[in-house]
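Hello,

Here is the structure I said I would pass on. Please open it first, then read the notes below.

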Amino acid sequence: MTELACGVLGPVFLRVAQRTVELSGKQSALLAVLVLDANATVSRDRLVAALWDSPPTSAVSNLQTYVARLRKALPAGIRILTKGTGYLLEADAGLVDLLVFERETRLARSAAAEGAPEAAAGHYERALALWRGQPAEGVRLPAGVLARLDELEERRTRTRLDHAETKLGLGHAQDVMNDLRRLLAEHPLQERAWYLLMLALARTGQRDMALDVFRQARDVLVGELGVEPGKDLQQLQARVLGGDLPSGAPPGPRDGGVCQLPPDAADFVGRADELAAALETLRPARPQAGPESPVPVCVISGQGGAGKTTLAVHAAHHLRRDFRDGQLYVNLHGAGQSPVTPETALGRFLRALGVDSAAIPASLEERAEMYRGKLADRRFLVVLDDAADEGQLRPLLPGTPGCAVLVTSRRRLTGLPAARRIELPLMPPGEARELLRSVIGAERAAEAAGDTDRLVQLCGGLPLAVRIAGAKLAARPHWNVDQLVARLRDTRDRLRHLSHGSQAVRATLAVGYQGLTLPAQRLFRLLGLLEAPDFAAWTAAALLDAPPAEAEDLVEELVDVRLLDVAGRDRSGQTRFRFHDLTRAYARECAEAAETEAERTAAVRRAVSGWLALTRQAHIKLCGGDYQLPRGGDLLWSPGPQVTDGHVLPDPLAWIEAERAALVAAVRQSATLAACWELAAAAMHPLETRGLYDEWHAMHETALASTRATGDVRGQAVALYGLARLHFARNELARCEQVIEESLALFDRAADPYGHALAQVTLAELHRLRGRAADALACYEQAGDGLARAGDRFTEITRVRGIGRLHFSQGRYDLATRHIRRAIRLADRTGDVRSREFTRIVLGEIELERGDLAAAEDCFSRARACLDELGFPIGIAYAVLGLGMVRLAQHDLADAERRLRHALEIYHGVQDRVSQARVLFTWADLRRRQGRSGEAIATLTEVIAIAGDIPAPRRQGLALRALGDLHHELGDLPQAADAWRRALTVLGAASPEAAELTTKLELHGRP
């Protein structure tokens, strides 16, 4: 035999040229793990877990060093190969004791099967001679590897028994007795060893001693396990007493009729569709499936606590009559750190099918062959609960279609061919309430229906949580349901209350968490710190301060084990992810236990910095780079082009809409940082463009409260400016004036001339809308210097356009056109599409007023096309209104009505009452032209009321003038004169319409 160069069947050793290599503890552990899986790849993560209980940050680098050193020490015929992110020890079979042991036991069993017991005995002796003690003796290894060593020890025991049985068959009864006694001293519960010792004694004529061995065996089994000896031992006792000794090994128990299923849930509730799908998939077809048919496989997947096992067991009990030969069940513990190996699972199944432990082959391939042979041409249902992956499952699949397989897993297991996959979602509220009623009783649930609904909501539709909450209430009949509801309201303490007896939501979540790689565990913890309801994968990169591609892989790892859900794909093309509420609570617990406060704060600040950087990118893409966003601090993390180019820059408005809830949460979570008001300010124009007023309001109110609490004067001024712009957009003009005046004062206190200029422009817009032309022009002019010094051409566009509108309202069309065209040129140079096209619409209004319908239509059409592409609803409605007015002037009443209706729908959607009044004003003219004067009067009356509420006096005055004209057409002169008089009062004697109104009143006797 070739001299061994490496061994693990005792203390680990390595020899080169008959010289023993000195190995450190870490090197011995590394060699042991690689040898135990010789000629197979061992993952880097598994090796790290084998070498360190708490891996240092340099674990991977250290592992690479240990591997490099070990490679240099290896003899010829053994080498370590790098395979992906793992390593493979490739060795000649004759150089490693474990490989020689496996070869010799395989040869021994083959010889025994071929009727060559002497050859078999020789192979067994050579196999057992390799053992020098406990496997990997003296090496410190983790629990996952220790389980592998225990299995190896079991194989040694089985080989010792096979050897003893072979020698007994050769007539060497006397030789095996001492070996069997030593084995029983180590393994006193091994019934086969008692049987063989008893048989050896009887065959050598020691009948009394054989019967005494039976008594010893019975004492041990009853004392240790509380069970009587098995029927084989009992039958051997009877035969020894009768003098009729068997000639061979003990017969195995009869197989068939096996049922390993756990008990069915007596209170199973709901899941009707999923149950029907599973039964339809697994129930044998009629007529019976032919030999060419595949084995039916059904995979139930879902998050921990969703009720996968409950559903699978319930379905399996439904199917017992269809699979009369038996139902096999094994919990594969796939979500945990130490999944059951296929070899172990097959060993359990084979023993359940009547195969004696001694007859179970060692190798996975041989076990799978024997297992499939036992199931062939029979009807068995195999339930594989909590599977880790397809590799764990494939050896456990039967080979004939008379059988069927039901799998549960947190993973989707898409690699199983032809499998029916059933996604088990969270329980619908109705089913969750029914489950709770079944546990606490219908009467108790009915007495507190509202609290019951709230309790189910707090459990988040997770069946395990509902069942635990119900069990807790059932155990406390003196509690009202609202007492448990009150305890669960605190998200930070919710998991503590969702435990009862041996059941706990936290424990179920912990299983999945502990099965993650270390980097994925850290990401899970840090994600739990965020308050955003959903998020994109770049957020993970920010939290970890890692490259986006690396972070995305870790996110997918969390998704695979259902610790993170896919919320869908947003309009910007990002996949969005979210936590279940209870999972988020557990992740936060883990973060608070494993991360320091400084680490937690830094991670959140990086994420907020990411949102701030991306929001600035969206703003610049939308408004151009000349709007000087207020800044208060430095970014801690900036997204690279992989994020911005792929999602933000192509469609900034789609991105802002997708992230709006996350942005609100980010502002709230950064309340003590300058990033709080910076983020609110950066988001303002994108939110305004998209009409997202609620988010705009929430972010700026949070920013204002934060800056007031910290005494940040400039931050307060910026937050108030944003709120004033919001009030202006919502036509809350009185509130806008109050807030913008406060903002102006604070910008002055902060010595911020640029901020003061911004506020002046808003105040000018407010004065213009209220018909205070002189005040508006003064504010516009005062803002010019501050904007110029700051280089803010974006707001300069608004200022110049506003001055042009003032001239337009005063009838100075040439001057108005000159300012409007200048504003368009400025917008072109800055790349601000939104402002350019919005300004072009104003130019269209001027052309329409001049009577150049073709020029007006060109302006409105070009603006409509650009704003459609941009996705700016308010601007689109403004352009559509302009086109409706052109059609009205062209007497195309049907098309005018269609366009006006469209504009009105958009303005209703964004709750823009000023713009609604503008559309309704034109709508009244349309109804007048259609001869529907009553509707026209009603519409103008509505416009007058809206304009009075805002207030927008010029719009109100023009509507009153139009109402007077309509009454005059209808011959109602008193009503006409009254409306004209009110119009003159509202518009004022200095307005362009004053002379015309005065003339009308004089002509009709009502000056």
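The model is predicted. I start with helix α43, which covers residues 933–949. At 1.5 Å a residue, its 17 residues should span 24 Å, and the end C-alpha atoms are 24 Å apart, which agrees.

Which residues of α43 are buried? They are Ser-933, Ala-936, Thr-939, Leu-940, Val-943, Ile-944, Ile-946 and Ala-947. Seen down the axis of α43, these buried residues fall within an arc of 165°, so they line one face of the helix. They pack against α42 (913–929), α44 (953–969) and α45 (973–987). Gly-934 and Asp-949 are exposed, and sit on the face of α43 turned away from the buried side.

Next, the sheet. Six strands form an open sheet with parallel pairing, in the order β7-β9-β10-β11-β8-β12. β7 (258–259) and β12 (420–423) are at the edges with a single partner strand each, so one side of each has no neighbour in the sheet. β7 runs parallel to β9 (residues 326–331), and two bridges join them. Cys-259 has Gln-327 of β9 as its bridge partner. Helix α12 (residues 308–318) lies across β8 (297–301), β9, β10 (380–385) and β11 (404–409), and runs at about 165° to β11.

Last, confidence. The protein chain has an average pLDDT of 88, and 96% of the residues score at least 70. Over residues 249–256 the pLDDT stays under 50, and the model has 15 contacts beyond four places in sequence for this stretch. Residues 286–291 also have a pLDDT below 50, with five contacts beyond near neighbours in sequence. Where pLDDT is low, the predicted coordinates should not be read in detail.

Regards

How values were computed:
Residues are numbered from 1 along each chain as its sequence is written. This is a predicted model: local features need pLDDT of at least 70, side-chain atom pairs count only at pLDDT 80 or more; totals for chains, interfaces and linings use all residues. Side-chain values use heavy atoms; hydrogens and water are left out. Two strands pair if DSSP finds at least two bridges between them. Helices (H or I, at least four residues) and strands (E, at least two) are DSSP runs, numbered from the N terminus. Contact means heavy atoms within 4.5 Å. Axes are lines fitted to C-alpha atoms, for helices over the stretch in contact, and angles run from 0 to 180 degrees between N-to-C directions. pLDDT is the predictor's confidence in each residue, from 0 to 100. The expected span of a helix is 1.5 Å times one less than its number of residues. Buried means under 20% relative accessible area, exposed over 50%, partly exposed in between (1.4 Å probe, protein chains only). The arc is that of the directions from the helix axis to the C-beta atoms.
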